[in-house]
Every structure is written in C-alpha cells, then in structure tokens.
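Morning, everyone. Please have the sequence and the model open while I talk.

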Amino acid sequence: MSLKKTISSLKLPHYKGTAGMAAVRMAVPKEVLLPMNMHSGQAAEPVVAAGDHVTVGQLIAREEGRNSAPVHATVSGTVKAIEPYAAGGRKTTAIRIESDGKMEKCPDLSIPEPTNLDEFLACVRESGVVGLGGAAFPVWAKLAAAQKSHISTVLINGAECEPFITSDHRVMLEHGDLIEKGIALLKRFLGSEEYIIGIEKNKPDAIAALTERFRDDPAVRVMPLDSVYPQGAKQVLLYNATGKVVGPGQRLASLGVIIINVTSLVKTAEFFTTGMPLVERIVTVEGSAVREPKNLIVPIGCSIRDLVEACGGLKEEPGKIIYGGAMMGKTVDTLDASVLKATNAVVIMNRKDAEKTKPSPCIHCGRCVAVCPLGLNPTAFARAMELEDEAARAAILQKEQVSLCMECGCCSYVCPAHRPLAENNSAARRFIRGWETAQKEKKEGSK
Ligand code: SF4
Ligand code: SF4
C-alpha cells in the first residue's frame with residue numbers, strides 16, 4: 001500500500017437534504033426482528049424462547065465467541081419466534097418480538113460504575129454497542145487494545161463522507177453532551193492524551209458547536225476535513241488527521257491510535273448515563289423513491305417498511321434498496337429487511353436512478369488505479385479473478401494486496417467503461433479469505 005502525499009479522493013454530489021432535519025422518533029412498530037449477526041464477529045446466541053415476555057433493554061441474546069456482541073430487546077412484548085434470517089448478507093437466526101406498544105423498560109437495568117479499565121471494558125461489552133458507522137466491529141474489542149498498548153490518540157470519526165447520510169451529523173448537533181461524556185470516559189479509563197474529532201467541512205454547524213463545547217479543553221481538537229470521498233475511511237482519516245499510515249497487517253493500536261465512530265461513542269456514553277444498552281439509533285431515510293426523507297429515531301430490528309411508512313410512503317416503485325450510502329452500502333431485496341445496529345441510513349432509489357449502465361471493455365485508461373486512495377490496482381484483481389487456476393489467482397491477489405481494499409467504490413465510480421470493479425473487488429476479497437482459511441486448515445491438518 002502506498003498512500004500518496006495527497007490521497008486520491010472524489011468530489012461527489014452530497015445529496016444531504018436531510019442535514020437540517022432534526023431526528024424525530026418513529027411510532028412504535030408492531031414488531032421487530034433482531035438478527036443475531038448485527039456485528040462483525042461470531043453470531044450471538046439467543047437466551048429467550050418463543051412465548052417469553054421481554055422488556056426494552058433486556059438481554060435476549062448473549063455474545064458468543066470471537067468479536068461477538070449481545071443483543072437486547074428493543075420493544076417490550078412477546079417473543080413470537082426464533083427463525084432463520086437471510087436478508088442483506090450472511091444467513092443467521094433472528095428473534096421476532098411482537099410489540100405490546102408500551103415500550104416498558106427492563107427493571108433490571110442500572111447505571112454501570114466501573115472503577116478500572118477491565119471493568120469499563122466489561123461494561124462496554126454489555127452495552128452491545130458496535131461500530132455504528134457501518135463497520136459493526138464491537139466497540140469493546142476495539143477499546144480492548146488499550147489493555148496491551150498505550151493509546152495516545154483517539155480519532156473520533158464524524159466525517160460522514162457518503163452521499164445521502166446525515167445521521168452522524170444529527171448526532172453531533174443533538175448529542176454534544178454525550179460526546180463530552182464519552183471523551184471523559186475514555187480519558188479516565190484509556191488515559192489517552194489527544195482526542196481529534198474529524199468532521200467534513202460540509203457540516204459547519206457541527207464543527208462550530210463542538211469547537212465551542214471543547215473550547216477550554218486542550219486535549220480535544222475539532223478538525224475540519226475536506227469534503228471528499230472516502231474521507232471517513234479508516235486509512236484515509238488516519239492519514240489526513242495525523243499523517244500516520246497503517247501498513248499491511250498492522251493494527252492501528254500499534255501506532256497508539258484508535259478510531260471510533262461518533263455515534264458509537266455517543267451510544268457508549270448513553271449506556272454509562274442511563275444504563276440502557278443499544279436499542280435504538282438515528283437512521284437517515286433518503287432516496288428518489290422516498291416521499292418525505294427524514295432522520296428517524298428507530299428501534300433496532302424494525303423493518304425498512306416501517307421507516308418508509310414514517311416517511312409518508314414511497315412516491316415511486318423502488319428500484320434499489322440500500323443499507324447505508326450509495327457508495328459503500330449493501331443492497332437488500334426486500335422492504336421487510338430489518339434495521340440493523342450499523343444501519344446509519346436506508347437509501348431507496350427509483351427504478352431510473354437504480355438502472356445500471358451496461359459495462360463495455362476496459363480501455364486501459366488507468367483512472368481506476370489513479371483514484372484508489374490506497375494505490376491498489378483493481379484491474380489486476382479483475383484479471384486474476386478470470387484465472388481458472390485458483391493457486392495462481394490467489395498468488396496474484398496476495399501480491400496485489402487485495403485484502404487491503406476497503407470497497408470504497410471510487411474505482412467503479414470513475415471507470416468510463418462502467419466496469420463492475422467494486423463488485424469484483426468484493427468477490428476477490430471473499431475468494432482470498434476462503435483460500436487463506438483453507439490453506440491454514442490444510443497446514444494444521446497435516447501436522
Ligand atoms: S474499492 Fe478498493 S480498489 Fe477500488 S478504489 Fe476503493 S480501495 Fe481502491
Ligand atoms: S477505469 Fe475502467 S476502463 Fe479505465 S483502466 Fe480501470 S477498468 Fe479499465
């Protein structure tokens with residue numbers, strides 16, 4: 001990876017029409033469906049059964065295995081079923097809860113009072129908070145880096161560089177108190193000296209509000225960043241905010257840095273303020289098919305259909321439904337898919353906007369290589385994926401460092417031939433992960 005002195009990036013149209021809209025609470029949905037894999041690690045394990053009565057914030061699935069996270073009831077009511085769930089990616093099980101409409105709070109909740117780092121991490125673990133900007137990596141696992149090495153700098157990611165999404169923006173405007181509380185917690189338990197809140201310049205109100213809030217705190221710096229995509233990507237933000245570069249296979253923490261999404265920080269702080277684990281979040285609902293785009297406060301596990309209803313319905317037939325933004329978001333094929341912990345936005349495009357231009361042959365213009373913020377070569381990935389010999393394919397993909405690709409989609413965006421580079425990169429990354437796991441298992445089996 002060779003980050004350039006000036007990292008390549010794109011000037012994208014922002015389409016952030018909801019930025020000025022305060023988040024409004026959606027009506028209590030009739031039911032929620034909570035998948036067990038709303039985080040990046042191993043799926044959670046249900047601890048309730050059909051017929052159980054549950055209350056808001058009650059543990060319904062415990063964390064299980066590596067980088068897992070617990071799941072809590074997001075409405076009060078009755079568990080109707082524990083059933084297979086497949087929308088939007090990996091197959092898993094999900095807990096369906098029929099709401100009683102009361103939103104009765106779990107009586108067992110209490111405000112955590114940790115006294116040292118280990119206790120703090122255990123509490124963060126209980127909160128169920130994961131990377132809420134889309135990554136879904138459990139926050140406790142990220143903060144646990146502080147057990148091994150000193151974290152001198154905490155980068156708080158408020159860049160929100162994707163078009164359409166404004167949920168982090170609203171969080172920064174509406175929950176400055178919790179950002180302050182979150183930083184106070186990190187100061188106390190991680191002992192980090194420097195806190196940088198990176199915000200794109202297209203959010204001047206958030207920059208002004210947080211600059212004013214931390215005016216007398218020399219440890220906290222609000223850093224306005226150019227409004228370019230993918231400013232919020234880990235490697236890009238790190239470089240632009242600190243000048244540091246994380247090498248292949250290197251952990252951020254080894255540089256003394258962690259990056260935490262601003263909403264993740266706020267939800268962590270909320271748990272230490274109210275005792276309520278992660279049960280709701282702000283979701284931006286946008287796109288050409290949506291009648292009244294909004295920022296909604298919604299219980300996790302409600303359906304995209306519920307969001308649409310709260311936005312006055314659809315004005316046109318949906319052509320594409322996306323979790324997240326138009327660049328890095330994942331497509332889902334049904335309005336019945338659940339809002340997940342990391343669902344910062346749902347973008348619903350009409351058929352015309354969703355239409356794909358037919359790809360034509362590569363003209364070897366090199367634009368995809370020039371635009372890649374990490375200096376990768378997506379055409380080499382594409383050529384490798386055409387090889388039938390899997391060992392040869394894997395060798396090229398490893399040499400070209402496909403595993404570094406962050407699937408930002410910049411290469412696809414600039415390709416004049418409309419080659420499906422991002423999709424190909426994603427398939428190549430899946431292939432190499434599977435290949436490397438198989439090789440490791442083969443090696444262990446032959447011992
Ligand atoms: S999707 Fe991957 S290869 Fe394409 S620009 Fe982004 S990081 Fe580079
Ligand atoms: S941008 Fe498209 S046409 Fe140009 S080299 Fe890359 S894949 Fe080929």
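First, a definition: two strands pair if DSSP finds at least two bridges between them. Strands (E, at least two residues) and helices (H or I, at least four) are DSSP runs, numbered from the N terminus.

Some ground rules. This is a predicted model: local features need pLDDT of at least 70, side-chain atom pairs count only at pLDDT 80 or more, and totals for chains, interfaces and linings use all residues. Residues are numbered from 1 along each chain as its sequence is written, chains are lettered from A and ligands numbered from 1 in the order in which they are written, and side-chain values use heavy atoms, with hydrogens and water left out.

Start with the open sheet. What is the order of its 4 strands? The order is E2-E8-E7-E4, with antiparallel pairing. Strand E2 (31–35) and strand E4 (53–54) have a single partner strand each, so one side of each is left without a neighbour in the sheet. E4 joins strand E7 (residues 77–85) through 2 bridges, running antiparallel. Here His53 has Thr78 in E7 as its bridge partner.

Now Thr93. You will find Thr93 in strand E8 (residues 92–99). Buried means under 20% relative accessible area, exposed means over 50%, and partly exposed is in between, with a 1.4 Å probe and protein chains only. Thr93 has a relative accessible area of 34%, so Thr93 is partly exposed. Which residues does Thr93 touch, not counting residues up to four places away in sequence? They are Leu34, Pro35, Met36, Ile82, Glu83, Pro84 and Tyr85. Contact here means heavy atoms within 4.5 Å. Ser412 is 319 residues from Thr93 along the chain, and their C-alpha atoms are separated by 33 Å.

Next, strand E9 (153–158). E9 is mostly covered, with 6 of its 6 residues buried. In a regular strand, side chains alternate between the two faces of the sheet. Thr153, Leu155 and Asn157 are buried on one side of E9, and Val154, Ile156 and Gly158 are buried on the other. Which strands does E9 pair with? Strand E10 (residues 194–200) is one partner, parallel, over 6 bridges. Leu155 has Ile196 as its bridge partner in E10. Strand E12 (residues 257–261) also pairs with E9 in the parallel sense, over 5 bridges. There, Val154 stands opposite Ile258.

On to the backbone. Glu160 sits in the loop between E9 and helix H4 (167–174). Glu160 is not a glycine, yet has a positive phi of about 45°. Is Glu160 buried or exposed? Its relative accessibility is 8%, so Glu160 counts as buried. His364 is not a glycine either, and has a positive phi of about 55°. Its loop runs between helix H10 (351–354) and helix H11 (367–371). His364 is exposed, at a relative accessible area of 67%. There is also a cis peptide bond, joining Tyr229 and Pro230, with omega about 0°. Pro230 is in the loop between strand E11 (220–225) and helix H7 (234–242).

Last, the ligand. Which residues surround ligand 1? Cys372, Pro373, Cys405, Met406, Glu407, Cys408, Gly409, Cys410, Cys411 and Asn425 do. Each of these has a heavy atom within 4 Å of ligand 1. The shell divides into 7 nonpolar, 2 polar and 1 charged. Ala, Val, Leu, Ile, Met, Phe, Trp, Tyr, Cys and Pro count as nonpolar, Asp, Glu, Lys and Arg as charged, and the others, Gly among them, as polar.
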